[in-house]
Amino acid sequence: MREVLAQAAFQLFLERGFERTTVDDIVARAGVGRRSFFRYFPSKEDAVFPDHERCLAEMTEFLAAADDSDPVGAVSDAARIVLRMYAANPEFSVQRYRLTREVPGLRTYELSVVRRYEQTLAGHLRSRFGEDGDGALRAEVIAASVVAAHNNGLRLWLRSGGEGDPEVAVDHALALVREAWGRPAASTASTAPAVPEASTAPVVPFAVSGGGGGGGDGDGEVVVMVARKGTPMWRVVQQIEAAVGEN
């Protein structure tokens with residue numbers, strides 16, 4: 001019945017538009033009563049995403065059974081469960097993607113669904129890295145990275161009309177996440193390049209008054225920056241802005 005209602009709803013959304021379709025229209029097309037609709041879907045928006053509850057439950061079960069040896073790999077594999085759900089029905093997935101792009105309310109709903117996936121991944125990672133401090137932060141950042149990588153590859157496939165193998169782009173994006181975050185927290189701290197401090201990587205601004213006509217004070221002046229190799233770009237830009245402001 002859930003699938004029958006979802007199919008009836010989606011057909012009407014495509015025919016009439018999401019906003020012009022009512023729950024009464026959906027149950028009439030499906031041949032059931034309103035009570036049946038709300039037994040399965042709290043709202044019209046839920047009928048557009050009928051498979052996400054099952055997918056979220058499958059992801060949760062998968063992560064519960066994962067071992068502790070490779071937590072980043074585990075959440076990356078969990079994200080592929082969502083990809084397989086989309087790839088199982090390319091025509092429906094592409095139509096839903098296009099409908100979602102046209103209806104602001106559906107985009108908002110979709111973001112809430114994505115956030116639930118992200119929270120599930122982050123919860124698994126916090127159980128490995130710790131609930132507080134850098135462990136919790138690391139879990140949130142990695143979960144957000146996995147979701148962003150997955151969605152980037154998925155949307156490339158959806159925008160193409162569902163052509164080709166969606167796993168190619170998603171695997172490539174998730175490989176970048178594993179490359180960046182796949183090391184244990186302790187080794188990451190020891191091998192990551194240190195951010196130069198101002199005392200070891202000075203950025204020294206000085207102004208050289210140059211030629212060239214100008215219409216006002218300071219025109220033609222050249223600002224030269226001297227910085228140690230490896231100085232973060234944000235610090236260089238910060239000092240340039242300060243020098244220009246002062247001059």
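How many aromatic pairs does a search of the whole structure find? The search finds five.

## Aromatic pairs

A pair of aromatic rings is described by the distance of the centres and the angle of the planes. One of the five pairs joins Phe37 and Phe41, with 5.6 Å from centre to centre and 50 degrees between the planes. That pair is tilted. Both Phe37 and Phe41 are buried. Ring pairs also bring in Phe38, so that Phe37, Phe38 and Phe41 are linked into a cluster.

Why is the pair of Phe49 and Tyr109 stacked? The ring centres are 5.2 Å apart and the planes stand at 20 degrees, so the pair of Phe49 and Tyr109 counts as stacked. The cut-off for stacking is under 30 degrees between planes. Phe49 is buried, as is Tyr109.

## Charges over rings

Two residues place a charged end over an aromatic ring. For Lys44, the ring is that of Phe18, and the charged end is 4.3 Å from its centre. For Arg138, the ring is that of Phe129, at 5.1 Å from the centre.

## Cavities

Rolling a probe the size of a water molecule over the atoms shows where empty space is left. Two cavities of 30 Å³ or more are present in the structure. The largest cavity holds about 210 Å³ of space.

Which residues lie closest to the centre of the largest cavity? They are Val82, Val114, His150, Asn151 and Leu154, out of 18 residues in the lining. Two or more lining residues come from each of α5, α6, α7 (90-102), α8 and α9 (133-159). Helix α9 gives the most, with six residues.

## The largest pocket

The largest pocket has a volume of about 380 Å³. Its lining includes Arg2, Glu3, Ala6 and Gln7. Pro50, Asp51 and Arg54 also line this pocket, as do Arg84, Met85, Ala88, Asn89 and Phe92.

Which element supplies the largest share of the pocket lining? That share comes from α1, with four residues. Both α1 (2-16) and α6 supply at least two lining residues.

## Ala175

Ala175 is located in helix α10 (residues 166-181). Is Ala175 buried, exposed or partly exposed? Its relative accessible area is 39%, so Ala175 is partly exposed. The cut-offs are under 20% for buried and over 50% for exposed. In sequence, Ala175 and Ala149 are 26 residues apart. In space, their C-alpha atoms are 9.0 Å apart.

## Confidence

The protein chain has an average pLDDT of 81, and 74% of the residues score at least 70. Where is confidence lowest, and where is it highest? Strand β1 (residues 203-209) has the lowest confidence, with a mean of 38. Helix α6 (residues 71-87) has the highest, at 95.

Residues 185-220 have a pLDDT below 50. In the model, this stretch makes 50 contacts beyond near neighbours in sequence. Where pLDDT is low, the predicted coordinates should not be read in detail.

Technical notes:
Residues numbered from 1 in each chain as written. Predicted model: local features only at pLDDT ≥ 70, side-chain atom pairs only at ≥ 80, totals over all residues. Heavy atoms only, no water. Phe/Tyr/Trp six-rings, centres within 6.5 Å; stacked < 30°, edge-to-face > 60°. Buried < 20%, exposed > 50% of the residue type's maximum accessible area, 1.4 Å probe, protein only. Lys NZ or Arg CZ within 6 Å of the ring centre and 35° of its normal. pLDDT = per-residue confidence, 0-100. Contact = heavy atoms within 4.5 Å. 1 Å grid on protein atoms, 1.4 Å probe; cavity = no way out; pocket = protein on both sides within 12 Å on 5 of 7 lines; lining within 4 Å. Points joined across faces, edges and corners; volume = space filled by probe spheres on them.
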